Amino acid sequence: MSRVDLPPARLEYLNLIKEIEDLFFLEADLLDERRYEEWLALFTDDLRYWMPLRKNLAHQDDRGDITGENDIAWIDDDKATLIKRAGQLRTGVHWAEEPFSRVCHIISNVRLVDSSADALDGKDFEVSSRFCVYRNRVETETDFLVGRRRDILRRVNSELRIARRKIILDQSVLMAKNLTMFF
Amino acid sequence: MTVHGHSAKSLVDFARGEISREVFVNEEIYQEELERVFTRGWLYVGHTSQIKKPGDYFVSCMGEESVILTRDPAGKVHVFLNTCRHRGMKVCRYDEGHTVHFVCPYHGWSYATDGRLVGVPQAEKAYRPPLDRSQWALIEVAQIAQYRGTVWATWDHSAPALLDYLGEAKLALDLALGAWDGSDEETELLGSVQKWLIPANWKFVAENFSGDGLHVVSHRSVDLVGIGPTDGEGRRDDPGKLMMTTSPQWGHGLTFSYLPPDPNRTDYAASPAASQYFKQCWKKRIERMGDRAGLQAVVGTIFPNLSFHGQQPRTLLVAHPRGVAKTEMWRVYFADRNAPEEVKQFLRHYYIRYSGPAGMTEQDDMENWNYATAASRGSIARRYPYNYKAGLGAEETNEMVPGVVTNHPISLTTEQNPRNFYKRWAEFMDAKSWRDLKPSQVDDLSEHRR
């Protein structure tokens, strides 16, 4: 089959996946270059930025190993709190990030969970991806945090925006001393 | 204990406020701490709301060692070492759950939630004379006690009762763990435990929460952006004037605050529901407690490693030792059980943007403890003691709270609580047994006042 013969639905899907990847890759660059204002503009105002805990539970335990919506989490921010976090990083006296850490985000395995038909203006649709976040700080301090993201994206005035981010870190006891980086 | 021929007491110059860096970086001292502090002291192991029903369990830690907090079929609470009596395998590698038995994966020995060994595969063939199962139960702590929902244990049969051990800290725990309306209603955990590893000696954590007003300068960044429950700068509503008190005989460090009771307080103004709830609580609190309603337990450390915030936020933190330069932090958060769900959710958000590894306040603490530990390990660095002289001689009393008190405003700058923490630490390290650990003389502290 030549490219021009792709069914319209397939083309639409490929277009959308590329658009989502472009968003995520841009986001990674904005974070790693500490361009936080531009990064924050990628989120809707009703954002929930949520990083639940992980637990070791027996296989028959039906609660799942990811803590629930109303449980204690690593992070459970609205947009206003996320803006404060970015503001704290720019105070010059936030010692956990002064001097700045070197952070590198690698985003992959981008997959549309909902149908691409849901990606119409104003509608929410879900996307799954993986992250590898590498942090190196001061001299030899190094963290490598890996996990999944489940994002709810929404097209706002024809631009894709992130309305909800669930960050599922694959660690139970967090092996980084703090979480000053974003995911 | 002796290190290079020196007693622990010689490393802690209480009167001059100088403490050797060896206390924080010496591997030998660390190993001795596990023996002398963590097998003798009363250690916080969990909360009754984590084991509500018979068969519920929660896996906790005492020092470096894993323990299981269980509620047996009769409702009795136990704490067991998490190791099979046969070949040592952990009998439980889950964080929490509900079970009838703990079955060891290795050779299949199984234990009931009251610790009894109830199953040994091939026992009839393997053992003659028959195995006396009663001699091979899970290893249980020497003493267990509960206080206002918290569960504590010690490996030492001769340790005094928990209520004696808490000493002057009992009032702080009453205020911190009690319902905000001053009634006997309970507080409950808001959910799961945050656990994370930090590259620091555990005592940096304990001393920080025992009372270190001077480190507030380190939190300038979070104060500038403001994360409190009322909009604007800062991290919390006005707690009033601070009183820093030590429990001179037991090593606990506490910070109380007082402001005249006002039923029209506007705390938690960022949330109408929370603001309304706490206004009602203040009204009842004042009816029940009168002038003392204005007394709050802000922060503290119960020797050795249980720290708490009792006001804004409300949270318990255990600094589990994991090596001379490694600590595993376990933090839980709590609120009035009877608070409306909307209020609990508001508090949950506030608490975790304040504390924990992503907490905008605690992040900076961990950077400090990390590099203070690292920069103290060198041969040259070890020759120079840390300076704990702030507030020497400012110790007084205060009719509102027990113990030796540094009053406002010197309470904001004194290091009396960390000093006293290390005095007690040295006593634990030098004592052969609890016989030598009977409370030390209050007079030692009063030297500073002469």
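This is a predicted model: local features need pLDDT of at least 70, side-chain atom pairs count only at pLDDT 80 or more; totals for chains, interfaces and linings use all residues.

The search of the whole structure finds 4 cavities of 30 Å³ or more.

**Largest cavity**
- The space in the largest cavity amounts to about 100 Å³.
- Its lining includes Leu53(A), Arg54(A) and Trp74(A), together with Phe58(B), Asp95(B) and Lys195(B).
- Sorted by class, the lining of this cavity has 5 charged, 4 nonpolar and 2 polar residues.

**Second largest cavity**
- The second largest cavity has a volume of about 80 Å³; of the 14 residues lining it, Tyr44(B), Val193(B), Val318(B), Trp330(B) and Val332(B) are the closest to its centre.
- At least two lining residues come from each of β5, β6 (56-62), β21 (314-321) and β22 (327-336) of chain B, and β21(B) provides the largest share, 4 residues.
- The lining of this second cavity comprises 9 nonpolar, 4 polar and 1 charged residues.
- Domain 1 and domain 2 of chain B each contribute at least three residues to the lining of the second largest cavity.

**A sheet in chain B**
- Three strands of chain B form an open sheet in the order β5-β14-β13, with antiparallel pairing.
- Because β5 (43-47) and β13 (143-147) of chain B each have a single partner strand, one side of each has no neighbour in the sheet.
- On average, neighbouring strands of this sheet are turned by 30° against each other, direction ignored.
- Antiparallel pairing between β13(B) and β14(B) (residues 150-154) extends over 5 bridges, and Ala145(B) has Trp152(B) in β14(B) as its bridge partner.
- Helix α6 (residues 169-177) of chain B lies across β13 and β14 of that chain, at about 55° to β13(B).

Notes. Residues are numbered from 1 along each chain as its sequence is written. Chains are lettered from A and ligands numbered from 1 in the order in which they are written. Side-chain values use heavy atoms; hydrogens and water are left out. Two strands pair if DSSP finds at least two bridges between them. Axes are lines fitted to C-alpha atoms, for helices over the stretch in contact, and angles run from 0 to 180 degrees between N-to-C directions. Contact means heavy atoms within 4.5 Å. On a 1 Å grid over the protein atoms alone, a cavity is a set of points where a 1.4 Å probe fits but cannot get out, and a pocket is an open set with protein on both sides within 12 Å along at least five of seven lines; lining residues have an atom within 4 Å of a point. Grid points are joined across faces, edges and corners, and a volume is the space filled by probe spheres set on the points. Ala, Val, Leu, Ile, Met, Phe, Trp, Tyr, Cys and Pro count as nonpolar, Asp, Glu, Lys and Arg as charged, and the others, Gly among them, as polar. Domain bounds come from an automatic or database domain assignment.
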